[in-house]
Amino acid sequence: MRSTSSTYRKPRSANRASAKTAAAALAAALALSLTACGGDDDKSSDTGATGGKETGTSLTLPKLNGQSLQVAAVWSGEEQANFKKVLAEFEKRTGAKVTFVPAQDPIVNFLGSKVAGGQPPDIAMLPQPGAIKQAVDKKWAKPLGTEAKAELAKNYSQGWQDIGKIGDTQYGVYYKAANKSLIWYNAKVFENAGATEPKTWDELLTTAQTVYDSGVTPFSVGGAEGWTLTDWFENIYLSQAGPEKYDQLAKHEIKWTDPSVKDALTTLAQVWGKKDYVAGGAKGALQTDFPASVTQTFTGGDQPKAAMVYEGDFAQVNIQTAKAKVGTDAKVFPFPKVGDTAPVVSGGDAAVILKDSKAAQALATFLASPDAATIQAKLGGYLSPNKSVDISVYPNPVQQKIAKALIESGDDFRFDMSDQAPQAFGGTPGKGEWKALQDFLTNPKDIAGTQAKLEADAAAAYGN
């Protein structure tokens, strides 16, 4: 997704664990999940504004009548609208007034301008571990209180708690997770082409050729936003090079000129460098943002602009925008294994308090509860790392299986590599990894040049 601070130091996290269990769980779960119904409407509980614990909820909240909060996040469109429903529930239960503040990427820069102006939001949703580290280093972030930490301990695996820690202090509540090892496909196109779901990279290439021969471009790529390109690379690299190398590259303990990076780029070029495999070619892909990359896969009847689009579970929001039904019109398979095991790459957004108050602590506690996550889970396009959320509340069997696989994987996953990198390298439009991979999309033959550029930018950003 998006990325991190220039002062990043990798936190104690689940990244040290093997990805094999999660990969197996995800592959098995998704193999059973290819028929589904449409999404449910929001059925958040009917509660009052007097505070306290309401019927059908798990959490007691204080009375906050007359108090105001601001919550900043980079979310837009349906994602923002759905989160506002969660905030509305908090308002009803406490009497507080909560305002959503749209932020821009990179959010740390956005927050810096707010802090400098003396108007930071009360809570920011930070999409990288390193962004939390930077907020702490700049003395913006405030530690979570006893109630929020208790809610985290009750509802989250240790790995998800640790990702929100700096040292031994808990700062972040990972409210939203992402399973970023999925490829969505247009079911009608596959049916017409006689294509089947691949389990390996070689099978993916065969499937792509089958689709191409039927007259439909195989892949849609949202190259206008560099984070989508880093996600392609990370899944290939994790599966091909393995978890240990992944962790080393994430910390820049090995260089981007390492042969393992060459191997991953060579593999990636088998898709990006194949003539007419990417909708609009490289030029078109670089003008296509992520939402459009999804919607163009599921519009156009039997002749969409592409048959497949790679991205996480959150693509369901955009699939719904295209008026396609998940599990019927839009189906999904795990990112195929390139090496010994299929990859499981996760991302997430953490709530971090910037202005400490009773109201801010209450909202952080609410976001750590199943009460909050359940509201957004019902709406689709959302995945919670909260293990106390009932899997049945997700709106279709596909989403339920994805959520179940994430929870059952426990700490056996890898966090998005670019989200662990310094912001200057892994999370800034037009710079670092985003720009290098956009250039590579344009010229997939320049593997050595891409590696050299990646290493030069990484060395400057990490300082080593």
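These legends accompany close-up views of one predicted protein model.

The model is predicted, with local features needing pLDDT of at least 70, side-chain atom pairs counting only at pLDDT 80 or more, and totals for chains, interfaces and linings using all residues. Residues are numbered from 1 along each chain as its sequence is written, and side-chain values use heavy atoms, leaving out hydrogens and water.

**View 1. The whole chain.**
The protein chain has 21 helices and 12 strands. Helices (H or I, at least four residues) and strands (E, at least two) are DSSP runs, numbered from the N terminus. Of the 464 residues, 61% count as buried. Buried means under 20% relative accessible area, exposed over 50%, and partly exposed in between (1.4 Å probe, protein chains only). Among contacts between residues at least 6 apart in sequence, 79% join residues at least 24 apart. Contact means heavy atoms within 4.5 Å.

**View 2. The open sheet E8-E9-E7-E10.**
Four strands form an open sheet in the order E8-E9-E7-E10, and the pairing is mixed. Two strands pair if DSSP finds at least two bridges between them. Strands E8 (219-220) and E10 (330-334) stand at the edges. Each has a single partner strand, so one side of each lacks a neighbour in the sheet. E8 pairs with strand E9 (residues 308-310) in the parallel sense, over 2 bridges. Phe219 has Met308 of E9 as its bridge partner.

**View 3. Strand E6 and its partner E11.**
E6 is mostly covered, with 8 of its 8 residues buried. E6 pairs with strand E11 (residues 345-353) in the antiparallel sense. The pairing runs over 7 bridges. Lys176 has Asp349 of E11 as its bridge partner.

**View 4. The enclosed helix H16.**
In H16, 8 of the 8 residues are buried, so this helix is largely enclosed by the rest of the structure. The buried residues are Pro370, Asp371, Ala372, Ala373, Thr374, Ile375, Gln376 and Ala377. They pack against helix H2 (77-94), helix H5 (146-155), strand E6 (172-179) and helix H15 (358-367). Thr374 lies in H16 (residues 370-377). Its relative accessible area is 19%, so Thr374 is buried. Leaving aside neighbours within four places in sequence, Thr374 is in contact with Val389 and Val393.

**View 5. Helix H9 against helix H11.**
The axes of H9 (residues 226-241) and H11 (residues 259-272) come within 9 Å and cross at roughly 125 degrees. That makes H9 oblique to H11. Axes are lines fitted to C-alpha atoms, for helices over the stretch in contact, and angles run from 0 to 180 degrees between N-to-C directions. Angles under 35 degrees count as roughly parallel, over 145 as roughly antiparallel, 65 to 115 as roughly perpendicular and the rest as oblique. The crossing of H9 and H11 is right-handed. A crossing is right-handed if the near helix is turned clockwise from the far one by less than a right angle, and left-handed if anticlockwise. From H9, the contact uses Leu229, Trp232, Phe233, Ile236, Tyr237, Gln240 and Ala241. H11 contributes Ser260, Val261, Asp263, Ala264, Leu265, Thr267, Leu268, Val271 and Trp272. By class, the contact has 12 nonpolar, 3 polar and 1 charged residues. Ala, Val, Leu, Ile, Met, Phe, Trp, Tyr, Cys and Pro count as nonpolar, Asp, Glu, Lys and Arg as charged, and the others, Gly among them, as polar.

**View 6. Helix H9 against helix H10.**
H9 and H10 pack at an angle of about 130 degrees, with axes 6 Å apart. H9 is therefore oblique to H10. H9 supplies Phe233, Glu234, Tyr237, Leu238 and Ala241, while H10 supplies Pro243, Lys245, Tyr246 and Leu249. This contact of H9 with H10 has 7 nonpolar, no polar and 2 charged residues.

**View 7. Leu249 in helix H10.**
Leu249 lies in H10 (residues 243-250). At 0% relative accessibility, Leu249 counts as buried. Leaving aside neighbours within four places in sequence, Leu249 is in contact with Phe233, Tyr237, Ile254, Lys255, Trp256, Val261, Met417 and Tyr462. Leu249 and Met417 are 168 residues apart in sequence, yet their C-alpha atoms are 8.2 Å apart.

**View 8. Gly427 in a loop.**
Gly427 sits in the loop between helix H19 (423-426) and helix H20 (432-442). Its relative accessibility is 1%, so Gly427 counts as buried. Gln128 is 299 residues away along the chain, with 9.2 Å between the C-alpha atoms of Gly427 and Gln128.
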